[in-house]
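Here is a short briefing on one protein and the ligand it surrounds. Keep the sequence and the 3D view open as you read.

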Amino acid sequence: MDRFCAIAPEELENVFRLVGKDWMLITARGKNENGDDVINTMTASWGGMGVLWSKPVAFCFIRPQRYTHTLTEQSERFSLSFFSEEYRGALRLCGTKSGREIDKFAATGLTPATVEGTPYVKEARLVLICRKLYADTLKAASFLDHTLLENYKDGDFHTVYVAEIEKALLLSTSAD
Ligand SMILES: Cc1cc2nc3c(=O)[nH]c(=O)nc-3n(C[C@H](O)[C@H](O)[C@H](O)COP(=O)(O)O)c2cc1C
């Protein structure tokens, strides 16, 4: 973690690019079905950042069938990690395979690490450590634009997590 320096959330880059174009890895830890401590990560490109309840927050949307959902539900914190273009292939894999089936860290060469117990991905160029504040499941009846229900043909409505950005950690260029 000494390769990173803390920045203020206000210094973050364009969020539309970070989340929507670069994509992010949501990383969480919890127990597997054998009771072992595990860390898993998944790619996400829906979400955002802003201000809520006078706090800097990130929000992300995780479908209930994701292994990451199981782990995020168990933890008070998770992280969002952002990468340079060279990791696009790794992010594709983390967005198409489940941690229930494979060890994504072994498969991609990415390295799990923790800061004060919260897991993140060491190769990231930007890491947000997030503390869950609010979680809820999207509801069909709450959609005002019904065409969006196309996204939920299997009824797998996302859980929305709103989380306080406790730390924003940028890879320090002088560390290379
Ligand atoms: C570019 C991209 C963006 C994605 N965004 C999301 C997202 O925002 N929310 C979500 O639930 N799944 C999203 N996914 C799908 C998950 O990453 C994918 O289902 C993954 O295999 C889940 O892994 P897990 O079961 O190990 O958690 C995305 C996949 C890709 C490739």
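The points below go from the overall build to single residues.

The model is predicted. The protein has four helices and 10 strands. Its C-alpha atoms fill a box of roughly 50 × 40 × 30 Å along the principal axes.

**Overall build**

- Along the sequence, the elements follow the pattern β-α-β-β-β-β-α-β-α-α-β-β-β-β.
- A compact globule of 176 residues would have a radius of gyration near 16 Å. The protein has 16 Å, which agrees.
- Of the 176 residues, 34% count as buried.
- Take the contacts with a separation of 6 or more: residues 24 or more positions apart account for 71% of them.

**The nonpolar core**

- In soluble globular proteins, nonpolar side chains tend to be buried together.
- Here the largest nonpolar core has 37 residues. I26, A58 and V127 have the most contacts inside it.
- Strand β9 (residues 126-137) gives the largest share of this core, five residues.
- What does V127 touch, leaving out residues up to four places away in sequence? The list is F4, S79, S81, Y120 and L169.

**Around the ligand**

- The ligand is surrounded by 20 residues. The closest are A44, T68, G95, S98 and G99.
- β3 gives the largest share, four residues.
- By class, the shell has seven nonpolar, eight polar and five charged residues.

**Helix α2, an enclosed element**

- Six of the eight residues of α2 are buried, so α2 is largely enclosed by the rest of the structure.
- The buried ones are Y67, T68, H69, T70, L71 and T72.
- T68 is also among the residues closest to the ligand.
- Which elements cover the buried residues of α2? The cover includes β2 (24-31), β3, β5, β6 (77-82) and β10 (159-171).

**Strand β2 and its partners**

- Six of the eight residues of β2 are buried, so this strand, too, is largely enclosed by the rest of the structure.
- β2 pairs with β3 in the antiparallel sense, over eight bridges. In this pairing, G30 stands opposite V38 of β3.
- How many residues lie between β2 and β3 in their hairpin? There are five residues between them. G35, in the turn, has a positive phi of about 85°.
- β2 also pairs with β6 in the antiparallel sense, over three bridges. There, T27 stands opposite S79 of β6.

**The β4-β5 hairpin**

- Strand β4 (residues 47-52) pairs with β5 in the antiparallel sense, over six bridges.
- The two strands form a hairpin with two residues between them.
- G48 is found in β4. Its bridge partner in β5 is F59.
- G48 is partly exposed, with 14 other C-beta atoms within 10 Å.
- Beyond its neighbours within four places in sequence, G48 is in contact with V15, V19 and F59.
- G48 and K122 are 74 residues apart in sequence. In space, they are 22 Å apart, C-alpha to C-alpha.

**Two tryptophans with positive phi**

- W23 has a positive phi of about 75°, although it is not a glycine. W23 is found in the loop between α1 (15-22) and β2.
- Is W23 buried or partly exposed? W23 has 19 C-beta neighbours inside 10 Å. A buried residue needs 20 or more, so W23 counts as partly exposed.
- W53 has a positive phi of about 50°, and it is not a glycine either. W53 is found in the loop between β4 and β5.
- W53 has 9 other C-beta atoms within 10 Å. Residues with 12 or fewer count as exposed, so W53 is exposed.

Methods:
Residues numbered from 1 in each chain as written. Predicted model: local features only at pLDDT ≥ 70, side-chain atom pairs only at ≥ 80, totals over all residues. Near = placed C-beta within 6 Å. Nonpolar A, V, L, I, M, F, W, Y, C, P; charged D, E, K, R; others polar. Contact = placed C-beta atoms within 7 Å. Rg over C-alpha atoms; globule rule 2.2 N^0.38 Å. Core = buried A, V, L, I, M, F, W, Y, C linked by C-beta atoms within 7 Å. Pairing = 2+ DSSP bridges.
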